[in-house]
Amino acid sequence: MILSCQNISKSFVENKVLENISFHIEDNEKAAIVGINGAGKTTLLRIIVGESVPDSGTVTLSRGKTMGYLAQDGALDTESTIYEELLSVKQNLIDLEHRIRQCEAAMQSAEGKDLDSLMKQYDQLTHSFERDGGYAYKSEITGVLKGLGFTETEFEKPVSTLSGGQKTRVALSKLLLLKPDLIILDEPTNHLDMGSIAWLETYLLNYKGAVLIVSHDRYFLNRIAGKIVELDQTRATTFTGNYSDYAAKKEQLRAAAMHAYLNQQREIRHQEEVIEKLRSFNREKSIKRAQSREKMLEKIEVLEKPTQVRADMRIKLTPRKQSGGDVLTVSDLGKSFGSLTLFEHVDFEIKRGEHVAVIGDNGTGKTTLLKILNGLLPQDRGSFRLGTNVEIGYYDQEHHVLHGEKTLFEEISDDYPTLNNTEIRNLLAAFLFTGDDVFKRIEDLSGGERGRVSLAKLMLGNANFLILDEPTNHLDIVSKEILEDAVNSYEGTVLYVSHDRYFINKTAHRILDLAEHKFVNYIGNYDYYLEKHDTVMAAVNASPAVEGSAPAPSGGMDPSASSTGNKQDWMAKKEEQARQRKKENDLKKCEEKIASLETRIEEVNSQMCDPAVATQALKLQDLAVELSSLKSELEQLYEQWETLAE
């Protein structure tokens, strides 16, 4: 065991963040901490590395072990170049190399015992140099920098001139080169493109030390983590396996808890009805039996109703009208900025109902394409055409649709004046803005909060063609899952740019990969893209188009995807996924109906107990009939829920 956390608790004023958190990390283990925004993940990391002091509890790092930490805002600020900054990590090897050169120079003029002594010293120095990787450290630095997205032409850039994301990548590079026994990373993929993330995954999987990660990147967690520590309502629960294993186990536990709760509620209602019936007989024996059952009922430890999955935020995106079958046609599109060509000779079509993801390295032109399609930037060549009745809803990374000086309430009410106060508050509550939150100014919101406001406005627009630029940025895992549900149930068409591979896997029917100034088409999700990428790119690069005789058919179907067998396999997989989503949706709807009926039953019971209603015979009769109908419907829903849950 390399790290032990025992009974860690932390509060800020009266806000309890962590309570009796206990878990441990074994040598060479890869683990992750997950939880919604505000659950205390970063606070826990700061306590582990000693940047914050817990109110109680202990953190123990094994004797002789080293620990390295990269915070979310772990950017460096130095006048050194990128290469010089990483070279400083290997200062011990540089010093050793310098001593070896000095020893070599001294041996040229030494004789006798002095020479013997120098040769012995030289052997020791060269052995240490070789053992510590002295002959490979320069290539190691180059490999890490290239793996995290830096080109050789950028190595001599001063760190002070870099963007915040680039500085964080330099800090991550330094940490990886230090090779501590335990690496702790807080959102390491935030500033990386897909290629760099894949490189980091491979690096960490092969890393000989232990790794502890906080991340909202579920695909990354699936690849890396063998243990998940969940923070939920100040407590920690440990699950064995990767993120998918954790999610499945979590759902099983929730379903089991809901099953136990519903069974107990049914038994309680049954006993109450029996008691009521026994009392209605108004006989001494029946009253005693009723009293006996009441005592038994009082002794039952009533189970708390499990919270519904993502019940506090639900998005329903509904097109106001249906578009034509051809939603978007792009012909020979090209865009450059000066001598920098982003893409050229781009041709593709999007049909109604398709969910198309655009992927590619940072700076290749993905966002530029979306801006062109929205009329925010002109293309240099080519054209695009929208189909019949197509109405675009655009979600951009910078949230230009928002007005910084307005409050949340004003942002909605000014753009949608037909909505009343209650409707606006209900909408904002669906996106986790309640109470006085609605009077916060847009400019004071975090990136994730602004994203949720933009999604709220997008929902009101009732567009039938959604164009989304990095919609999952700054969202926690729960919010991402909610957005996935909304996109999957959306009846319109979706085109989006994202580096969230898990989101792409869940929502994409087709992928357009922007590589080498053109778009290559894959009919499938991200896993399918990974499976076929090397084969497809080899075929594309071998074609005459790449050698200059003609432009490559960027929107054409890739050779592998066109084969009947692969297409049938993919269709079968999508149909199975659709069936599974329908089951999950049916289960959620059933739980919502149960909650609604339980609420109405309580309301009817309250009305029947109201003295003002007690004197109204007809009103009481109507309420009694409604109550009977509600209970009957509730029983049927209980049975339906059990069937769906099983």
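Is H270 buried, exposed or partly exposed? With a relative accessible area of 42%, H270 is partly exposed, where buried stands for under 20% relative accessible area, exposed for over 50% and partly exposed for values in between (1.4 Å probe, protein chains only). The structure is a predicted model, in which local features need pLDDT of at least 70 and side-chain atom pairs count only at pLDDT 80 or more, while totals for chains, interfaces and linings use all residues. Residues are numbered from 1 along each chain as its sequence is written, and side-chain values use heavy atoms, with hydrogens and water left out.

The protein chain has 646 residues, of which 46% count as buried. Its C-alpha atoms fill a box of roughly 120 × 65 × 55 Å along the principal axes. The secondary structure comprises 20 helices and 18 strands, taken as DSSP runs (helices: H or I, at least four residues; strands: E, at least two) and numbered from the N terminus. H270 belongs to helix α9. N282 is placed in the loop between α9 and α10 (284-299) and is exposed, because its relative accessibility is 58%. Between N282 and V438 the C-alpha distance is 56 Å, with a sequence separation of 156 residues.

Helix α11 (residues 366-373) is largely enclosed by the rest of the structure, because six of its eight residues are buried. These buried residues are K366, T368, L369, L370, I372 and L373. Just after α11, a positive phi of about 75° is found at G375.

A salt bridge is assigned where a side-chain nitrogen of Lys or Arg lies within 4 Å of a carboxyl oxygen of Asp or Glu. The count by this rule is 37 salt bridges. One of them joins the side chains of K146 and E152, at 2.6 Å from N to O. K146 is partly exposed, because its relative accessible area is 43%. In another, the side chains of K250 and D232 meet at 4.0 Å, N to O. K250 lies in helix α9 (residues 243-281) and D232 in strand β8 (residues 227-232), so this pair ties together parts that are 18 residues apart in sequence. Both partners count as partly exposed, K250 at 31% relative accessibility and D232 at 36%.

R510 and E354 also form a salt bridge, with their closest N and O atoms 3.0 Å apart. This pair links distant parts of the chain, 156 residues apart: R510 is in strand β17 (residues 510-515), and E354 is in the loop between β11 (340-351) and β12 (355-359). Both R510 and E354 are buried. Salt bridges with shared partners also join E201, D217, R223 and R501 into one network.

Aromatic pairs were assigned for rings of Phe, Tyr and Trp (its six-membered ring) with centres within 6.5 Å; planes under 30 degrees apart count as stacked, over 60 as edge-to-face and the rest as tilted. The count by this rule is 14 aromatic pairs. F129 and Y135 form an edge-to-face pair, with 5.0 Å from centre to centre and 90° between the planes. F129 is buried, at a relative accessible area of 3%, whereas Y135 is exposed, at 61% relative accessibility. The pair of Y522 and Y529 is edge-to-face because the ring centres are 5.0 Å apart and the planes stand at 80°. Y522 is buried, with a relative accessible area of 0%, and Y529 is buried at 9%. Ring pairs link Y522 and Y529 with Y219 and Y526 into a cluster.

On the surface, E405, E410, E443 and D444 gather in a patch of negative charge. Such patches consist of residues with over 30% relative accessible area and no salt bridge, like charges being joined within 9 Å and nonpolar side chains (Val, Leu, Ile, Met, Phe, Trp, Tyr) within 5 Å. E443 is placed in the loop between α13 (421-430) and α14 (447-461). At 47% relative accessibility, E443 counts as partly exposed.

Technical notes:
Accessible areas come from the Shrake-Rupley method with a 1.4 Å probe; for residues, only the protein chains shown count as cover. Lys and Arg count as positive and Asp and Glu as negative; His and the chain ends are not counted. The place of a charge is taken as NZ of Lys, CZ of Arg, CG of Asp or CD of Glu.
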